[in-house]
Amino acid sequence: MSGRPETAALEPCPFCGAPLTIRAGVNAYGRCDTEGCWVASRAIIVPFDDPKQVVAWNTRAPTDLERELADHIAEQITHVEQRIRDGREMGASIWRIALEDVARENRALLAKVRARDGGANG
Ligand SMILES: [Zn+2]
């Protein structure tokens, strides 16, 4: 028996995005070693021999911002697909208008995200 843990089984740290450091051997576990990371500062570990903890680590809930961004991306895809259909009927000038719309909507969202990022944490 190798005892080598399946390192690919753990997602990166949800707080800092870094891949986990793996301690192999008996009672193998993954942990975040990023200086200043909330997870690392609390010495949280994810034991490989506890499937519940591995699943919990890998299925953390998305943040409100991640949900909002995903909704926005889905809207943009629908919007662009509709404009592509419209463009086939209406001619080439529709493409410029469509791209200007997409850029404007994304600038608005980016401003919102940046305002939140620079504002008070809630
Ligand atoms: Zn981390």
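Ala56 is found in helix 2 (residues 51-58) of this predicted model. Helices are DSSP runs of H or I with at least four residues, strands are runs of E with at least two, and both are numbered from the N terminus. Ala56 counts as exposed because it has 11 C-beta neighbours inside 10 Å. Ala56 and Val46 are 10 residues apart in sequence. Their C-alpha atoms lie 9.4 Å apart in space.

Residues are numbered from 1 along each chain, as its sequence is written. The model is predicted, so local features need a pLDDT of at least 70 and side-chain atom pairs count only at pLDDT 80 or more, while totals for chains, interfaces and linings use all residues. The pLDDT is the predictor's confidence in each residue, from 0 to 100. The protein chain averages 79, and 84% of its residues score at least 70. Confidence is highest in strand 2, at 94. It is lowest in helix 3 (residues 64-90), at a mean of 77. Over residues 1-7 the pLDDT is below 50, and this stretch has nine contacts in the model beyond near neighbours in sequence. Where pLDDT is low, the predicted coordinates should not be read in detail.

The protein chain holds four helices and three strands. From the N terminus on, the order is β-β-α-β-α-α-α. The three strands form an open sheet in the order 1-2-3, with antiparallel pairing. Strands 1 (21-23) and 3 (45-47) are the edge strands, and each pairs on one side only. Neighbouring strands of the sheet are turned by 25 degrees against each other on average, direction ignored. Axes for such angles are lines fitted to C-alpha atoms, for helices over the stretch in contact, and the angles run from 0 to 180 degrees between N-to-C directions. Two strands pair if DSSP finds at least two bridges between them. Strand 2 (residues 29-31) and strand 3 pair over three bridges. The bridge partner of Tyr29 in strand 3 is Pro47.

Of the 122 residues of the protein chain, 8% count as buried. The largest nonpolar core has nine residues: Leu10, Cys13, Leu20, Tyr29, Cys32, Val39, Val46, Phe48 and Trp57. A nonpolar core is a set of buried Ala, Val, Leu, Ile, Met, Phe, Trp, Tyr and Cys residues joined through C-beta atoms within 7 Å. Cys32 is found in the loop between strand 2 and helix 1. Cys32 is buried, because 24 other C-beta atoms lie within 10 Å. The C-alpha atoms of Cys32 and Pro19 are separated by 7.3 Å, and the two residues are 13 apart along the chain. Two residues are in contact if their C-beta atoms, placed from the backbone, lie within 7 Å. Leaving aside neighbours within four places in sequence, the contacts of Cys32 include Cys13, Cys16 and Cys37.

Most residues other than glycine have a negative phi. Asn27 has a positive phi, near 55 degrees. Asn27 lies in the loop between strand 1 and strand 2, and counts as exposed with 11 C-beta neighbours inside 10 Å. Ala43 also has a positive phi, of about 55 degrees. Its place is in the loop between helix 1 (38-41) and strand 3. Ala43 counts as exposed, with 8 C-beta neighbours inside 10 Å.

Key. Buried ≥ 20, exposed ≤ 12 C-beta atoms within 10 Å, placed from the backbone.
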